[in-house]
Amino acid sequence: MKKKLVSAVLCAAMTATMLAGCGSKPAEAPATTTDTKTEAEAPAADDAAAEAPAADDAAADDTAAEAPADDTASGEVVTIGFAQVGHESDWRTASTKSCQTVFSAENGYDLQFVDCDNDSAKQIEAVRGFIQQQVDYIIIDPIVSTGWDTVLTECEEAGIPVIVIDRTIDDSDKYVSWVGSNFKTEGLAAGEWLKAYAAAKGMEDVNVLVIEGSTGASATIGRTDGFKEIADAEGWNIIDSQSGDFTQAGGQEVMESYCKSYEGQFNVVVCQNDNEAFGAMEAMKNAGVSYGVDGDVVLISFDACTAGLEEVMAGNITADFECNPLAAPFVEDVIKTLQSGGTPEKEVFMVEHWYVKEDILSDITVNGEKQELTVVTQEIIDAQY
Ligand code: GYE
């Protein structure tokens, strides 16, 4: 089915849901904008332990807001094709689970899920397959940020709205909404944190090795650019920067070669996701390099999924910059807005926190805005995805 009448009451309730936040930290509203991109919201000042019982509140909101997508009168089910990046990381697993949970049969959806295995050609084919199946909506998490205009034009011609999640599409605007994170802000935050940390610890030289994510992914581009902006301004030495493809094996392989090539020359390792950090930790351990809060090497990571936060709490990852994968409730809001004939927000930004173990710094300034650092607790880990 393509169009459905939804009551004004539902419409209002959906707006409430949109503003209610999502997942394990639903009390916080994501930033939204209808025109240009804005920076992600500052992390909440209080830590998760101090937050109101957010999950329960949101669950209540959701219940109030959610009429099942299944039109019970007609028995119609909303069919969604989801072209997912792959299965490379803990973050990806959480993202897939979020979509499968929200777009379940019980909720009135038929979710056609394709794991594109990090293969851009396969992802374009998946989208074409969804067009052939005449699904109602297509969700794309773009493996790479370019090469999209032709297939998005095909979606448009077929009258199928496309919703982009997580990574951005940078060479076409033929999609109705994007829900995700500001990756450049994440990279800037990592840089600003390192700047403040290096000053607090009296680090004289900052010699950095970067393990990038997958080449061409907007998450990689944004985190690299953001961190580099601060590194350049501070005159840090970025010794090398290579892709670990967002995997543990990739992170380990790159770090093994770094340990051989740059023995004794580095004191900071930046991994662009937790899984790469786990691999880098293994490589450093094997090479006899100490890392983390008591080690010789400052280890920075991104994502802050459960296992990543456990390593922060253990003191192995020095700082972890969150990327929230629980976009699906917001995608559902977009779909419900479309169902009711409304115009959804063009961009919805997820809310994120910056996690550390030590409490020597309480905040950093990112894009001229004060942002709190959150000291990881077991309670936070238990609530994380
Ligand atoms: O950081 C990484 C995943 O696109 C933000 O992709 C996502 C990234 C995430 O593989 O773990």
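Q: In this predicted model, what makes Cys271 count as buried?
A: The relative accessible area of Cys271 is 0%, and since the word buried is kept for values under 20%, Cys271 is therefore placed in that class.

Q: How do you know how many disulfides the whole structure has?
A: A search of the whole structure returns zero disulfides, where a pair would have to bring two cysteine sulfur atoms within 2.5 Å to be counted. Cys323 illustrates the test, for the cysteine sulfur nearest to that of Cys323 belongs to Cys305 and is 8.3 Å away; this value is not within 2.5 Å, so Cys323 is in no disulfide.

Q: Where does Thr168 lie, and what makes it buried or exposed?
A: Thr168 belongs to the loop that runs between strand 5 (162-165) and strand 6 (177-180). Its relative accessibility is 9%, which is under 20%, so Thr168 counts as buried although its place is in a loop.

Q: Which side chains place an N or O atom by an oxygen atom of the ligand, and at what distances?
A: For Asp166, a polar side-chain atom lies 2.7 Å from a ligand oxygen; for Asn273, the distance between a side-chain N or O atom and a ligand oxygen is 2.8 Å; and for Asp303, the corresponding value is 2.5 Å. Each of these values is within the 3.5 Å cut-off, so each pair meets the distance limit of a polar contact. The protein covers 100% of the 290 Å² of accessible area that the ligand has on its own.

Q: Where does the ligand sit, and how many residues surround it?
A: The ligand sits in the largest cavity, surrounded by 13 residues, the closest of which are Glu88, Asp166, Arg167, Asn273 and Asp303. Helix 3 (90-102) and helix 7 (218-234) each contribute at least two residues to the shell around the ligand.

Q: What else marks Asp303, and why is it called buried or exposed?
A: Asp303 is part of strand 10 (residues 298-303), and its phi is near 110 degrees, which is a positive value in a residue other than glycine. With a relative accessible area of 4%, Asp303 is under the 20% limit and is therefore called buried.

Q: What makes Asp245, Lys201 and Gln242 partly exposed?
A: Asp245, in the loop between strand 8 (237-243) and helix 8 (248-261), has a relative accessible area of 35%; Lys201, in helix 6 (residues 183-201), has 40%; and Gln242, in strand 8, has 32%.

Terms used
Residues are numbered from 1 along each chain as its sequence is written. This is a predicted model: local features need pLDDT of at least 70, side-chain atom pairs count only at pLDDT 80 or more; totals for chains, interfaces and linings use all residues. Side-chain values use heavy atoms; hydrogens and water are left out. Buried means under 20% relative accessible area, exposed over 50%, partly exposed in between (1.4 Å probe, protein chains only). Helices (H or I, at least four residues) and strands (E, at least two) are DSSP runs, numbered from the N terminus. A residue is near a molecule or strand if one of its heavy atoms lies within 4 Å of it. A polar contact is a pair of N or O atoms within 3.5 Å; within protein, one must be able to donate a hydrogen and the other to accept it, and residues adjacent in sequence count only if both atoms are side-chain atoms. Accessible areas come from the Shrake-Rupley method with a 1.4 Å probe; for residues, only the protein chains shown count as cover. On a 1 Å grid over the protein atoms alone, a cavity is a set of points where a 1.4 Å probe fits but cannot get out, and a pocket is an open set with protein on both sides within 12 Å along at least five of seven lines; lining residues have an atom within 4 Å of a point. A molecule sits in a cavity or pocket if more than half of its atoms lie within 2 Å of its grid points.
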